[in-house]
Amino acid sequence: MLKKPIIYNYNNVMSECLKSPICIYPEELESYAEKTKKIHSTLVKTRENGGLPFYELPYKKEDVELVKRTVGEIKSEMGEKLENFVVIGIGGSSLGGIALTRALLHPFHNLLPAAKRGAPRIFFVENIDPDQIQGFFDMLDPEKTVINVISKSGSTAETMANFLLFQKYMAEIIGENNFRKQVIATTDPKKGAMRNIAEEMEIRTLPVPEGVGGRFSVLSPVGLFPAAMVGIDIDLVLEGAAFMDRITSKENLFENPAYMNAIIHYHLHTRKNVNVAVLMPYSEALAEISLWYRQLLAESLGKMYAVTGEVVYAGQTPVKAVGAVDQHSQIQLYREGPFDKVITILRVENFKNFLNIPSLHEKFEASAYLGGHTLNELFEAEAKATMLALTKSGRPNIEIVVPEVNPYTVGQIFYMYEVQTIFAGYLYGVNPVDQPGVEAGKHYAYGILGRKGYEKYGEEIENL
């Protein structure tokens with residue numbers, strides 16, 4: 001396994017490389033030096049005073065040991081009959097775990113024979129689509145299934161509805177006592193409805209660390225427990241995150257990729273009207289990181305009000321794309337549409353496999369030129385060609401080179417983007433750890449369903 005740093009390259013947003021009305025000039029970046037120092041100083045003091053506790057997740061060894069111990073207990077109790085591990089959550093409770101496990105498992109993990117998997121199949125139950133939920137029930141054998149319900153408060157309607165349905169389905173077949181042994185709640189360590197339910201049921205629990213919001217929780221038991229259950233080395237994930245912490249603790253803008261990336265996106269947005277931030281991994285393993293990134297940016301920076309109370313309507317729109325697939329669906333827009341996008345290419349240097357393209361149908365040039373090359377060469381060529389094409393079209397693009405997709409590098413990616421997002425919040429002057437726009441929709445849903453205390457929201461819907 002390669003324990004190397006990811007490489008951040010922003011040349012293709014700069015005026016030396018990008019001839020475009022939305023390029024950035026060196027003096028524009030340099031103008032942020034003092035602001036960077038002030039924000040950095042504030043973040044250091046906040047961290048020293050116990051604020052923004054996501055910073056400390058790579059070092060919470062007691063949580064890691066609890067996760068490992070819980071995994072060991074479950075596997076010992078279930079033995080060979082453990083076939084399915086089901087995570088019930090939504091948003092920040094699931095997107096990090098999905099991204100982490102998708103990146104580091106075999107691409108068809110759930111379809112492999114048990115002997116080759118060496119771990120249970122893993123499923124994430126997120127949405128409340130009744131046809132999908134019934135589909136899970138049709139497929140899963142309760143005697144061979146372990147449930148991890150993730151909700152800090154226990155008040156998330158979607159998660160709780162799905163948990164109640166799974167409890168009823170499984171308990172009717174294996175009995176309430178066995179169900180209790182096969183469910184683990186990841187929740188607030190002290191309070192909340194999920195904590196109360198867990199204590200009443202006497203089920204095992206794992207903590208969502210205090211002060212860590214869902215979208216910043218992937219390096220806590222929220223993401224680490226699902227990863228450990230399917231055999232991912234969580235120590236290496238956290239080691240990679242700790243390495244990135246050392247890099248992103250530097251005050252100098254030009255030595256800190258998280259600060260630099262935040263400033264580039266902020267400057268392009270607020271000064272050049274670049275309203276869209278695309279993350280485009282050239283890797284199927286990293287594809288779901290784009291979904292995690294999408295929530296991280298959208299909920300953290302998409303704010304109507306600054307912390308001063310001023311109306312600001314902050315935040316870029318994050319977009320998921322995957323190379324090379326989206327060369328055939330989105331690149332046309334990126335190259336010839338509005339000058340309103342910055343595209344980040346996540347490029348993998350070393351894949352686990354090398355596939356030689358055979359020399360067949362050599363009388364046809366459309367296929368002949370591919371023979372003798374590897375699929376790896378073609379993938380790399382397409383990523384580099386996309387960056388060149390974007391640059392020649394005057395479209396800013398950033399390259400992040402991942403030496404190899406492994407726990408160490410994936411830990412770096414998560415941590416860098418989390419620090420970047422917090423720093424960007426301070427640039428915009430918004431609170432990057434709340435999500436007031438999400439709460440309004442929840443309250444209306446509670447009102448419609450008759451939850452006590454939310455009657456006025458239900459009445460408002462009825463009066464539409």
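**Note on helix packing, salt bridges and buried residues**

1. Met 160, Phe 163 and Gln 167 of helix α7 are in contact with Met 194, Ile 197 and Met 201 of helix α9, where contact means heavy atoms within 4.5 Å. The residues of this α7–α9 contact comprise five nonpolar, one polar and no charged. Here Ala, Val, Leu, Ile, Met, Phe, Trp, Tyr, Cys and Pro count as nonpolar, Asp, Glu, Lys and Arg as charged, and the others, Gly among them, as polar. The model is predicted: local features need pLDDT of at least 70 and side-chain atom pairs count only at pLDDT 80 or more, whereas totals for chains, interfaces and linings use all residues. Residues are numbered from 1 along each chain as its sequence is written, and side-chain values use heavy atoms, with hydrogens and water left out.

2. Two packed helices are described by the angle between their axes and the distance between the axes. For helix α7 (residues 157-174) and helix α9 (residues 193-201), the axes come within 13 Å and cross at roughly 15 degrees. This makes α7 roughly parallel to α9. Angles under 35 degrees count as roughly parallel, over 145 as roughly antiparallel, 65 to 115 as roughly perpendicular and the rest as oblique. Axes are lines fitted to C-alpha atoms, for helices over the stretch in contact, and the angles run from 0 to 180 degrees between N-to-C directions. Helices (H or I, at least four residues) and strands (E, at least two) are DSSP runs, numbered from the N terminus.

3. The crossing of α7 and α9 is left-handed. A crossing is left-handed if the near helix is turned anticlockwise from the far one by less than a right angle, and right-handed if clockwise.

4. Helix α2 (residues 33-48) crosses helix α17 (residues 407-428) at roughly 115 degrees, the axes coming within 10 Å. The two helices are therefore roughly perpendicular, and their crossing is right-handed. On the α2 side the contact is made by Lys 35, Thr 36, Ile 39, Thr 42, Leu 43, Thr 46 and Arg 47, and on the α17 side by Tyr 415, Ile 422, Phe 423, Tyr 426 and Leu 427. By class, these residues are seven nonpolar, three polar and two charged.

5. Helix α2 also packs with helix α12 (residues 257-272): the axes come within 12 Å and cross at roughly 125 degrees. That angle makes α2 oblique to α12, and the crossing is right-handed. Lys 35, Thr 36, His 40 and Leu 43 of α2 meet Tyr 259, Ile 263 and Tyr 266 of α12. The residues of this contact are four nonpolar, two polar and one charged.

6. The structure holds 22 salt bridges, a salt bridge being a side-chain nitrogen of Lys or Arg within 4 Å of a carboxyl oxygen of Asp or Glu. One of them joins Arg 204 and Glu 73 (3.3 Å, N to O). Arg 204 lies in strand β6 (residues 204-207) and Glu 73 in helix α3 (residues 61-78), so the pair ties together parts that are 131 residues apart in sequence. Glu 73 is partly exposed, at 32% relative accessible area. In these terms, buried means under 20% relative accessible area, exposed over 50%, and partly exposed in between (1.4 Å probe, protein chains only).

7. Another salt bridge is formed by Glu 288 and Lys 320 (3.7 Å, N to O). Glu 288 belongs to the loop between β7 (276-282) and α13 (289-301), while Lys 320 is in strand β8 (residues 317-320), 32 residues apart. Glu 288 is buried, with a relative accessible area of 13%, whereas Lys 320 is partly exposed at 25%. Both belong to a network of salt bridges that links Arg 102, Glu 284, Glu 288 and Lys 320.

8. A further salt bridge joins the side chains of Lys 60 and Glu 62 (3.4 Å, N to O). Lys 60 is partly exposed, with a relative accessible area of 24%.

9. Leu 301, in helix α13, is buried at 8% relative accessibility. Leaving aside residues up to four places away in sequence, Leu 301 touches Ala 314, Gly 315, Thr 421, Ala 424, Gly 425, Tyr 428 and Val 430. The C-alpha atoms of Leu 301 and Ile 422 are separated by 8.8 Å, although these residues are 121 residues apart along the chain.

10. In helix α10 (residues 221-229), nine of the nine residues are buried, so this helix is largely enclosed by the rest of the structure. Among these buried residues are Pro 221, Leu 224, Phe 225 and Met 229. After α10 comes Gly 231, whose phi is positive, near 90 degrees.
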